[in-house]
Amino acid sequence: MKSNGQDKLERREFLRSLGRWATGGTMALMSVTFAKRRQRLAADNCINKSICCDCSRFSGCRLPAAISAKQAQKNVQQGGMTNG
Ligand code: SF4
């Protein structure tokens, strides 16, 4: 049978470990969030001075210049420009 003092000690140790795990989990979550944000920002930066035609990222790029270039390509493939 445990004494009251041992129970308090175990409870205190449990709370300490809980705090450590919560802190570690929060830090891990923040690291993943920052890494994803950095990755997204890197993907959102133009790497070829908006010269999309010979850019390696063109197929997956979501920047306005690339979207515009893709639309222009599509228009050319469909047989000319459509304004309006
Ligand atoms: S595809 Fe165009 S907008 Fe996208 S990174 Fe390349 S040059 Fe820049």
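Predicted model: local features only at pLDDT ≥ 70, side-chain atom pairs only at ≥ 80, totals over all residues.
Trainee: What makes α1 a helix that lies largely in the open?
Mentor: To be buried, a residue needs 20 or more other C-beta atoms within 10 Å of its own. In α1 the number of buried residues is zero out of 40, so the helix lies largely in the open.

Trainee: How is the chain divided into domains?
Mentor: Domain 1 covers 1–45 and domain 2 covers 48–84. Their centres, taken over C-alpha atoms, are separated by 46 Å.

Trainee: Where is K49, and why is K49 called exposed?
Mentor: K49 sits in the loop between α1 (4–43) and α2 (64–77). K49 has 8, so K49 is exposed.

Trainee: Why is S50 called partly exposed?
Mentor: S50 has 13 other C-beta atoms within 10 Å. Exposed requires 12 or fewer and buried requires 20 or more, with partly exposed in between. The count of 13 therefore makes S50 partly exposed. S50 also belongs to the loop between α1 and α2.

Trainee: What is the phi of K49, and what is that of S50?
Mentor: K49 has a positive phi of about 50 degrees, although K49 is not a glycine. For S50, also a residue other than glycine, phi is positive and near 60 degrees.

Trainee: What makes C46 partly exposed?
Mentor: C46 has 15 C-beta neighbours inside 10 Å. The loop between α1 and α2 holds C46.

Trainee: Which residues is C46 in contact with, leaving aside neighbours within four places in sequence?
Mentor: L63 and A65. Contact requires C-beta atoms within 7 Å. As for S68, 22 residues from C46 in sequence, the C-alpha to C-alpha distance to C46 is 14 Å.

Trainee: Which residues come nearest to the ligand?
Mentor: Of the 13 residues around the ligand, C46, N48, C52, C55 and C61 come nearest.

Trainee: How do the residues of that shell divide by type?
Mentor: Ten are nonpolar, two polar and one charged. Cys counts as nonpolar.

Definitions and conventions: Residues numbered from 1 in each chain as written. Near = placed C-beta within 6 Å. Helix = DSSP H or I, 4+ residues; strand = E, 2+ residues; numbered from the N terminus. Contact = placed C-beta atoms within 7 Å. Domains from an automatic or database assignment.
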